[in-house]
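This report describes how the strands of the model shown here pair with one another. Please read it with the structure open.

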Amino acid sequence: MPPLESLTEEPPVEPNRRSFLAGLLAAGSATVGALLAVPLVRFTLHPVLARTTEKSWSDVGKIDEFQNLAFPTKKLVTIEQRDGWRRTLAEKPVYVSKNEQGQLIVLSAVCTHLGCTVPWVEKENKFICPCHLGKFAADGKLLGGPPPRNMDRLETKIEDGVLKTQYQFFRQLTRNEEELA
Ligand code: FES
């Protein structure tokens, strides 16, 4: 008759099987943990990853206002900016002007050289940047000075008789337009 001990003992689990189950459990836990962490990480990094300025349409003015435009007209557009978790409204200057074909265009007033605000100088009939005397034609074309490119044109559309623009920031000192977030 076998000893009592050996009758009550469970059959020994093979070490390989045990470590496989433990590994499976660990892998499952790690996967669930990672899945749960994704929203948390996205939430935490949101201010870093998100654009500081969401691209959206801002009203520039009623289209009738610009029908007989003789020279660039300054307007302020309202945009929403994000600073970390904070959302703020800011006003940005733009110019409504016409291209060579006589169509309405909207120009960013930010100089493509070092970012000063460029005013339209009526008696000179051109934009003249006060910082380093960069000069631009009424349609934003570069006429002279240190700026590396024309004034930046913004996207436009007309909706319900209102001229709208999509304000955005561009990198300075580059020959080609490079959109900034
Ligand atoms: S910032 Fe406009 S010319 Fe330098």
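## Strand pairing

In this predicted model, F136 has L142 of β8 as its bridge partner. F136 belongs to β7, which spans residues 135-136 and is joined to β8 by two bridges in an antiparallel arrangement. Both strands are part of an open sheet of four strands, ordered β5-β6-β7-β8 with antiparallel pairing. At its edges lie β5 (120-121) and β8 (142-144), each of which pairs on one side only.

Strands of a sheet pair through backbone hydrogen bonds, in either a parallel or an antiparallel sense. Further antiparallel pairs are listed below.

| Strand | Partner | Bridges |
|---|---|---|
| β2 (residues 73-83) | β3 (residues 86-98) | eleven bridges |
| β1 (residues 57-62) | β10 (residues 162-166) | five bridges |
| β9 (residues 153-159) | β10 | five bridges |

Strands β2 and β3 make a hairpin with two residues between them. D83 faces R86 of β3, and in the turn G84 has a positive phi of about 65°.

Strand β10 pairs with β1 and also with β9. Which residues stand opposite K164 in β10? From β1 (residues 57-62), D59 has K164 as its bridge partner; from β9 (residues 153-159), K157 stands opposite K164. Strands β9 and β10 form a hairpin with two residues between the strands, and D160 there takes a positive phi near 50°.

Definitions and conventions
Residues numbered from 1 in each chain as written. Predicted model: local features only at pLDDT ≥ 70, side-chain atom pairs only at ≥ 80, totals over all residues. Pairing = 2+ DSSP bridges.
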